[in-house]
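Keep the model open as you read.

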Amino acid sequence: MRAALLALVFIGAGGMAMADPAEGVWQTKPDDNGDYGHVKISACGADLCGVLVRAFDGSGTEKSSSPNIGKRIVWDMKAEGGGAYGDGKIWSPDRDKTYRSKMALSGDVLSVSGCVLGGMICRSSEWRRVK
């Protein structure tokens, strides 16, 4: 019984240690309106998803009443190895557009890019990890 309990503890600890390095809170670059946000990236099954958890205006004042707080920003993002992620979607609140997207992690910088219309219109940005 004791050995089984110990095994469960180690399995649980191993799962915690295996968190994806892109998981955490990321500050977006200002959008077309000068607003930016904090997006919490976490596991959604085998993929990564991100939800807007805080919103700010161009002066840095928090917009706690933003209708976008709690909305899904990133979903279906698949780890491809070496800090690369792909096959995901990113929603841009300022343009109300959803882009086919990919991400690349390098230290505390998450490069995010996405395209619509078969790659005709693309955007990219660098998000910084919030400490």
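Contact here means heavy atoms within 4.5 Å. The model is predicted. T28 sits in the loop between strand 1 (24–27) and strand 2. Leaving out residues up to four places away in sequence, T28 touches Y36, G37, V39 and W127. Its relative accessible area is 16%. Buried means under 20%, so T28 counts as buried.

Which residues touch the most other members of the largest nonpolar core? Of its 20 residues, I73 and W127 do. Strand 2 (36–44), strand 3, strand 4, strand 5, strand 6 (97–106) and strand 7 (109–116) each supply at least two residues of this core. In soluble globular proteins, nonpolar side chains tend to be buried together.

The contacts of W127 reach into several stretches of sequence. Setting aside neighbours within four places, W127 is in contact with W26, Q27, T28 and K29, and also with V39 and I41.

Now turn to L52, which is found in strand 3. Is L52 buried or exposed? At 9% relative accessibility, L52 counts as buried, because the cut-off is 20%. L52 and V39 are 13 residues apart in sequence, yet their C-alpha atoms are 4.4 Å apart in space.

Next, follow the strand pairing. Strand 3 (residues 47–56) and strand 4 (residues 72–81) pair in the antiparallel sense, over three bridges. Here G50 stands opposite V74 in strand 4. Strand 4 also pairs in the antiparallel sense with strand 5 (residues 84–92), over five bridges. In that pairing, A79 stands opposite Y85 in strand 5. The hairpin of strand 4 and strand 5 has two residues between the strands. In this hairpin, G82 takes a positive phi near 65°.

D76 has a positive phi of about 60°. D76 is found in strand 4. At 35% relative accessibility, D76 counts as partly exposed. D96 has a positive phi of about 50°, and D96 is not a glycine either. D96 lies in the loop between strand 5 and strand 6. Its relative accessibility is 58%. Exposed means over 50%, so D96 counts as exposed.

Finish with the cysteines. How many disulfides does the structure hold? It holds two. In one, C44 and C49 are joined, with their sulfur atoms 2.2 Å apart. C44 is partly exposed, at a relative accessible area of 34%. C49 counts as buried, at 13% relative accessibility. In the other, C115 and C122 are joined, with their sulfur atoms 2.0 Å apart. The link of C115 and C122 is right-handed, with 105° about the S-S bond. C122 counts as partly exposed, at 43% relative accessibility. With the bonded cysteines numbered in sequence order, the pairing is 1-2, 3-4.

Terms used: Residues numbered from 1 in each chain as written. Predicted model: local features only at pLDDT ≥ 70, side-chain atom pairs only at ≥ 80, totals over all residues. Heavy atoms only, no water. Pairing = 2+ DSSP bridges. Helix = DSSP H or I, 4+ residues; strand = E, 2+ residues; numbered from the N terminus. Core = buried A, V, L, I, M, F, W, Y, C linked by side-chain atoms within 4.5 Å. Buried < 20%, exposed > 50% of the residue type's maximum accessible area, 1.4 Å probe, protein only. Disulfide = S-S within 2.5 Å.
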